[in-house]
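Okay, thanks for coming, everyone. Let me put the structure up on the screen and we'll walk through it together.

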Amino acid sequence: MKNLTEKIMIKKFLKLIIPPLVLNFLIFLKKKLKQDNYTKQPKNQSLNVYYEKKMAKLLETWGERNVWIEIQHLLLNKKGKILDIACGTGKVIEILSQLNIKEVYGCDISEFLIEKAIKRGISKDKLKICDATKLTYGDDFFDYCYSIGSLEHFTEDGITKVLISSKRVTKYFGYHQIPVSKSNKNEGWITPYQGYFNNSEEWWKNKCKKVFDKVLILDSSWEDTRSIGKWLILGK
């Protein structure tokens with residue numbers, strides 16, 4: 001009880017001696033520091049999450065009512081080889097194969113997730129464990145590529161490297177589904193279960209224009225409480 005009384009007295013004293021403008025700023029700053037879901041972006045991407053059973057389970061259902069339907073429309077009637085960047089458990093590759101899109105390859109940095117894709121029945125010859133920032137395929141090996149809910153999880157430097165790497169291995173267009181902040185402001189790197197960038201559409205457009213000549217951004221039907229989905233359509 002004594003400690004509580006002392007704290008109240010200290011607060012009253014501070015209010016008397018600190019100008020209101022400074023006091024309001026300190027209160028604002030204190031609230032910001034308490035918001036542990038907004039952090040500085042990491043220097044290196046955290047990869048531990050991609051070896052967890054929880055993540056593998058999430059990847060089995062995450063986009064079934066929205067983005068998995070949209071990628072089918074985007075790739076319908078596309079001919080040639082297609083690369084699924086950060087393919088996870090291979091769920092989307094399986095879905096596309098049912099549309100008779102057979103030449104879909106997948107890569108992921110996690111051997112744990114690639115093993116899940118192999119168990120699903122996807123040919124080992126079409127799967128590869130590799131880092132999306134430095135894809136180990138030949139120039140223009142693929143006609144098209146795509147990623148779904150992946151690009152935003154890289155560091156800022158990593159995003160640029162993925163764009164450059166995907167451009168090198170792709171002849172025509174890449175399709176990348178990403179979140180954009182509902183505020184359309186650059187909210188930065190946030191860390192719920194899996195850290196990601198939640199920034200404005202303009203932020204993403206500027207990133208893409210530094211690498212690609214053709215940049216088109218389309219709406220996605222995906223959304224959550226903080227973000228809305230967009231498709232980056234990128235061509236040389």
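This is a predicted model: local features need pLDDT of at least 70, side-chain atom pairs count only at pLDDT 80 or more; totals for chains, interfaces and linings use all residues.

Residues are numbered from 1 along each chain as its sequence is written, and side-chain values use heavy atoms, with hydrogens and water left out.

First, the cores. A nonpolar core here is a set of buried Ala, Val, Leu, Ile, Met, Phe, Trp, Tyr and Cys residues joined through side-chain atoms within 4.5 Å. Buried means under 20% relative accessible area, with a 1.4 Å probe and protein chains only. The largest one has 28 residues, and Leu83 and Leu135 make the most contacts inside it. Several elements supply at least two residues each, among them strand S1 (82-85), strand S2 (104-108) and helix H7 (156-169). H7 gives the most, with 4 residues. By the way, helices and strands are DSSP runs, at least four residues (H or I) for a helix and at least two (E) for a strand, numbered from the N terminus.

What does Leu83 touch? Contact means heavy atoms within 4.5 Å, and beyond its neighbours within four places in sequence, the partners of Leu83 include Tyr105, Cys107, Leu135, Phe142 and Val169. There's also a second, separate core of 24 residues, including Ile93, Ile101, Ile122 and Ile148.

Now look at S2. 5 of its 5 residues are buried: Val104, Gly106 and Asp108 on one side, Tyr105 and Cys107 on the other. Strands pair if DSSP finds at least two bridges between them. S2 runs parallel to S1 over 4 bridges, and parallel to strand S3 (127-129) over 3 bridges. Cys107 sits opposite Ile85, and Lys128 is its bridge partner in S3.

Next, helix H6 (residues 111-120). Phe112, Leu113, Ile114 and Ala117 are its buried residues, and they pack against helix H3 (53-58), S2 and S3. Just after H6, Gly121 has a positive phi of about 115°.

Last one: H8, helix 201-209. Trp203, Trp204, Lys207 and Cys208 are buried.

Definitions and conventions:
Buried means under 20% relative accessible area, exposed over 50%, partly exposed in between (1.4 Å probe, protein chains only).
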